[in-house]
Amino acid sequence: MDERDREPVAQAEGTSRGPQDKAELVPDAREAGLLAARGEWVLDNIEQLNARVESLASQASRLDASGITRLDASGALLLERLFCRTGQAAGEAGLTGQWRTLFEAVDAACDDARAPEPAHEPQWRQILARIGRAAVEVFDSSRELLGFLGITVHRLGRTLLQPKRFRLTSTVHHVEATGLDAVPLLILLSGLVGAVVAFLGATVLRDFGAELFVIDLVTYAFVREFGVLLAAILLAGRTASAFCAQIGMMKLREEVDAIRTLGLDEIEVLVLPRLVALLITLPLLAFIATVSGLIGGLLVSVLSLDINLTMFLDRVEQTVTLRHYLVGMIKAPIFAVVIALIGCLEGLRVAGTAQSVGEHTTTAVVRSLTMVIVIDALAAIYFMEIGW
Amino acid sequence: MSGAARQQSSDAVVRVRGLETRFGADVVHRSLDLDLRRGEILGVVGGSGTGKSVLMRAILGLLRPSGGSIEVFGQRVEHAEDAQRVMARRAGVLFQDGALFSSLTVLENVELPLKTHRPDLSGQLRRDLARSKVQLAGLPDSTCAKMPAELSGGMRKRAALARALALEPELLFLDEPTAGLDPIGAAEFDQLLRTLQRALGLTVFLITHDLDTLYTICDRVAVIADGEILAAAPLQEIEELEHEWIREYFRGPRARAVREREPATG
C-alpha cells in the first residue's frame, strides 16, 4: 500500500477526539498582517476557529500555516477563506505533504462565494397564496375525481361486455380484506353506539314517561342512518387508507408503470377489483352494523330499562317497514363507490417520495370521510322532504 | 509480506473475529474473520446473498450477531448500541440507494448529522460546512436546495456521500456505490472516492460487484463465500487463488475485459 496514504492517519492516531483548545490563529509579532495558524484545524475546534477567522481575516495579508498539526475538510474550508484574503498559494504558507493535498482537494471543489439567501415573500402574501392554492386544489381534485369516476365506469362497462377480463381472485381477496376482517370491529363499534343511543334516549324520555319510545329511537337511527354510516366511516378509515397506501407504494416502485407497459390497464387491474369488492362488502357490513346496533339497544333496554324482549321485538316489527330499510341501504353502494374511488385515486396520485404516500393517505381518509358524511346529510334531507 | 502476516498487523480499524450471524435457521456467516486496516480501501465481493451487506450492518451495529466479536477502533463492541454510538461520530455510511431523507433538501440532509452531533455550531457556519461537503462530493452548488426526488441516481449517491462525510469520519462504509450508474458516472465516482480517500486519509469498506471499481481503486479485496472470508489480499493474489467462484468471477469474460483495459493496478 502507498505509504503516503497512511501518513496522516498515523499522525492523528495518538490524538483523542473531543473538544480541544489546541487550535489557534494568532497575529505574528514579527510582521504586521502576518497570521500564524497552529494546532489542530479540525471539526472539533471549528466554532472557535471560525470566530478567530471572522475577526482576524480583515487584517490578514499573509498566513503562516506551517504550525498546523492536523487538518480535515472543515478546517480546510476556513483556511481557504483566509487564503482567499491573502492571495497566497498553499505552498507559500508552509502547508506541506498530506495537509496540502487535502487543502488543494477542498480548494478545488469549493467555491466559497456564499449563495444569496432566497428572498422571502412577506407573510401575508404567503398566507394568501396558500389559500388560493388550496381553493384551486379543491376545484382541480373534484374535477379529477369526476374524470376518474368516468374512466372507471367506462372500464366497468367494458368488463361487463367481456367478463373474462374481470379479476375474480383479486376481487375475492379484497372482499375478505375489506369485509370479513372488519366484521369484529364493526360489531363492537355499532353495538356500543346502539347501547349509548338507548341510554341517552332513556334519560330524556323517562321524564315524559315515554321510555318505550327508546325502541323507536334506536330502530329508526340504525335502520335509516347509523348502520350504513358507521360501516362507511369504518371503511373510510380502514380501507381508503389501505387502498391508497397499497397503490401508492406500487406507484413508487414503478409497478403501475410496469402494468401499463405489459399492455394491461391499471384501472382494470387495480381499481375495478377494489371497487367491486367494496360494492359487495359495504351493504353486507351496513346490515351487520344495523343488526348489532339494534342488539346493543336491546341489551340496554332489557337489562336496565323496564322493557322486555317481546315488547322490544314487537315494537321493532311495527316500526321497521321496508321503506326505512331501503332509505338506509340505498346509500351503501354510493358510499362504496366514493370510498373506493377516492382511495384508489389518491394512491395513483402518489409521486416521488415516501412522504407523498403519507400525505395522500391522509387526504384519502379525510376526503372519503367528508364525502360520506356530506352525502349522508344530503340524503337525509332529501328523504325527509319526499316524506319517506 | 504474505496475506496471513498482513492479517495480523495491529493497525486494524475494524477487527472481526469468528463472526456468526443467522436469521432463524439460515446461517449467513459461520465463522468470519476480517481486518480493515487504516488508510486502505477494502473491496468486499461475493455472490448475491452471501452476506456482504449483513456484514456491514453487523459492524455498524444495525443488527446483532449471534456469535463472535467485533472490535472497532481497538474497542470491543459488546452491544449493538455501543457500535452505533461510536459509528455515528467516526464513520460515514453510504447506503445502496443513498437513503437520503426524502422530506429534506440536499443541504438539510448534509446538515442533519452536524445538527445532531455538533449542536453548538452556529447556523451560518453549519450551512457553510455542509455546502463545502456537497461541493467536495462533486455536486454543483445549485444542488443544495433540491429535494432528493429531483436528483438522478448518480447525484443522489454523491449527495449521500456528502452526508456521510459531514462529521469528518475516519471510516467510510459504502454499499455498492456504483450500482445503477452508467460506466462514465461510475468511473467518475470511483475517482472521486480515490481522491477523497487520499486527501482525507479515509479508511474505506466498500461492497461492490463492479469489477472496474475493484481493479482501479481497491487496495485489498476480501471475498466472502460459504459464510466466511475466503481470502483478503491484494487483487493480484486473489486472482491466482484456486476456487471455483473466484475463478469464475475474476477470470470470466467481464473480468478479462477489465484486466486488458487496466493492465497495471495496485
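Val134(B), with its neighbours within four places in sequence left aside, is in contact (C-beta atoms, placed from the backbone, within 7 Å) with Val106(B), Leu107(B), Val110(B), Leu139(B), Thr143(B), Cys144(B), Ala159(B) and Ala162(B). The model is predicted: local features need pLDDT of at least 70 and side-chain atom pairs count only at pLDDT 80 or more, while totals for chains, interfaces and linings use all residues. Residues are numbered from 1 along each chain as its sequence is written, and chains are lettered from A in the order in which they are written.

Val134(B) and Ala162(B) have the most contacts inside the largest nonpolar core, which has 108 residues. Such a core is a set of buried Ala, Val, Leu, Ile, Met, Phe, Trp, Tyr and Cys residues joined through C-beta atoms within 7 Å, buried standing for 20 or more other C-beta atoms within 10 Å of a residue's own. Apart from it lies another core of 61 residues, including Val193(A) and Met250(A).

Turning to the interface, 27 residues of chain A are in contact with 27 residues of chain B.

The axes of H3(A) and H5(B), lines fitted to C-alpha atoms over the stretch in contact, with angles from 0 to 180 degrees between N-to-C directions, come within 10 Å and cross at roughly 100°. The two helices, H3(A) and H5(B), are therefore roughly perpendicular (65 to 115 degrees). Here Ala73(A), Ser74(A) and Leu77(A) meet Asp128(B), Leu129(B), Ser132(B), Lys133(B) and Leu136(B).

Note on methods: Contact = placed C-beta atoms within 7 Å. Helix = DSSP H or I, 4+ residues; strand = E, 2+ residues; numbered from the N terminus. Parallel < 35°, antiparallel > 145°, perpendicular 65-115°, else oblique. Buried ≥ 20, exposed ≤ 12 C-beta atoms within 10 Å, placed from the backbone.
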